[in-house]
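The following exercises are to be worked with the sequence and the coordinates at hand. Each task is followed by a stepwise solution.

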Amino acid sequence: MIKLLIVEFMDEPFIELRNLLMDDYLGLVKAMKEAYSEIGGAYWELDSIESLLSVFPEGQLCVLVNHEVAGSALSIILDSELVEKQHTYPQITGNYTFSTHNPDGDILYGIDVFVHPKYRGMRLGRRLYDARKELCENLNLRAIMAGGRIPNYSKYSGELTPREYIQKVRVKEIYDPTLTFQLSNDFHVKKVLGNYLPDDTESEEFATLLEWNNIYYQAQEKLINVEKKVVRLGIVQWQMRLFSSFDAIVEQMEYFIDAVSDYQSDFILFPEFFNAPLMAEYNHLGEARAIRELAKYAEPLRDKFQSFAVSYNVNIITGSMPLVENNLLYNVSYLCRRDGSWDSYRKIHLTPSEVSAWGMAGGDELKTFDTDCGRVGILICYDVEFPELARLYADEGVKLLFVPFLTETQNGYYRVRRCAQARAIENECYVAIAGCVGNLPRVNNMDIQYAQSAVFTPSDFAFPSYAVKAEATPNTEMTLIADLDLELLKELHEHGSVRNLKDRRKDLYHLRRKS
């Protein structure tokens, strides 16, 4: 049932929003006659209200002002397959018997909403719509749908089709008392319904099929392995130091994985080329040959990460490391999942020095990765400076973007940081960056590093004021832990102050993969 809501006014005793009762019937009829006076003062017969309260009492709402019925919102539950077919009002209501009501359906269908003219201007309609949305969320229904009248259409029917009329209302060239209000309450038009409501001459018997999507809808309740709403992320800000052996660097890896997993983290992110210290023994070979020798450790390190992911029950983004395949040198990052599986991503955009000093080749595949915490993406360092990649990820449902990086100077670091922050804002996602700190004087092309690892958020009221969820101390070896609420991203997408993904002008431009 909808909870009681009472709001005090200086000159009015109270406004009350609650479920409709049979005792409200006479007041309901009085309000309906006034609300629909321009179309004959239609109202629901007593047996119709009795039927609604019998099959679905929770769905019948009313708002009272000074104990007088001022408005009401009536609804039933239907199956989406029935609603999305072309239909009329008599058909969808079972010829006004509400025999179509299906408690196992997934759509809350609005069959009526009205406000007494005397009380218009008090935003009572918005209260009723908000209560309907609350009901839809609480019942875990997929959406609210309704056939909406377009009462001003008769004034324009000689010059505009219903579709043209709806578009002009949408862009506010025309005001429609019903459709304008519905659009302002986050409903969108799915299609036009013809012959919807008999004798609705104002709408020329047309109606809009309106929809409001419940972003919290769960298609199937699970008892275990439920997709997480809050994800805990751990970042390793790695100190470059010389290691005596492969086993020594693995020991340091495990130290951080052990420490971060103790906080029940869902992900651990390592930096780009964190394994560069192993190149020290090949320094005499020159840069290009030395890094190919380092590439021999890629698969053994991946196997260690894979083992740690399972034993410590955490998903690991392994930073990145060089890999030779078919005599081509790549910069590769591995995702080692805690279920034992793994996947890889190859850096697509290479810096000039990676090409000139090492002869590195760029990857040619942008991959998304499904995990037990949702879909994630990986971009390596310079990749994040190309907005197209992150936008393609966003279009494919990525909410967490991991960016291992390696930068030598502050200006290099701030290129990565500023671009990563932009990707979080423009794609309504979280972006985590992890870098190396310290010096490697005996390793060519790797001698100095600068980093401040961080987690960036979109910029809106639900997020930190500076759009930074957490950040490490600059140039200090440490770990960073952050909890990321994925539900906030859903709310941002639907109700944010700005809606970067929704407000793209796809009529002017679009972005697509070539393959």
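A residue is called buried when its relative accessible area is under 20%, exposed when over 50%, and partly exposed in between, with a 1.4 Å probe and protein chains only. The model is predicted: local features need pLDDT of at least 70, side-chain atom pairs count only at pLDDT 80 or more, and totals for chains, interfaces and linings use all residues. Residues are numbered from 1 along each chain as its sequence is written, and side-chain values use heavy atoms, with hydrogens and water left out.

**Exercise 1. Positive phi**

Determine the phi values of Asn140 and His67, and classify the exposure of Asn140 and His67.

Solution. 
- Step 1: Asn140, a residue other than glycine, has a positive phi near 55°.
- Step 2: Asn140 belongs to the loop between helix 5 and strand 6 (143-149); helices (H or I, at least four residues) and strands (E, at least two) are DSSP runs numbered from the N terminus.
- Step 3: Asn140 has a relative accessible area of 22%, and is therefore partly exposed.
- Step 4: His67, also not a glycine, has a positive phi of about 70°, and the loop holding His67 runs between strand 3 (61-65) and strand 4 (68-78).
- Step 5: The relative accessible area of His67 is 59%, so His67 is exposed.

**Exercise 2. Helix 5**

Compare the span of helix 5 with its expected value, and list its buried residues.

Solution. 
- Step 1: Helix 5 covers residues 124-138, which is 15 residues.
- Step 2: The expected span is 1.5 Å times one less than the number of residues; for helix 5 this gives 21 Å.
- Step 3: From first to last C-alpha, helix 5 reaches 21 Å, close to that expectation.
- Step 4: The buried residues of helix 5 are Leu124, Gly125, Leu128, Tyr129, Ala131, Arg132, Lys133, Leu135 and Cys136.

**Exercise 3. Nonpolar cores**

Identify the largest nonpolar core and the residues with the most contacts inside it.

Solution. 
- Step 1: A nonpolar core is a set of buried Ala, Val, Leu, Ile, Met, Phe, Trp, Tyr and Cys residues joined through side-chain atoms within 4.5 Å.
- Step 2: The largest such core has 52 residues, and those with the most contacts inside it are Phe267, Tyr345, Leu379, Leu400, Phe402 and Ile433.
- Step 3: Strand 18 (residues 430-434) gives the most to this core, with five residues.
- Step 4: A second, separate core has 48 residues, among them Val236, Ile257, Ala280 and Leu350.
- Step 5: In soluble globular proteins, nonpolar side chains tend to be buried together.
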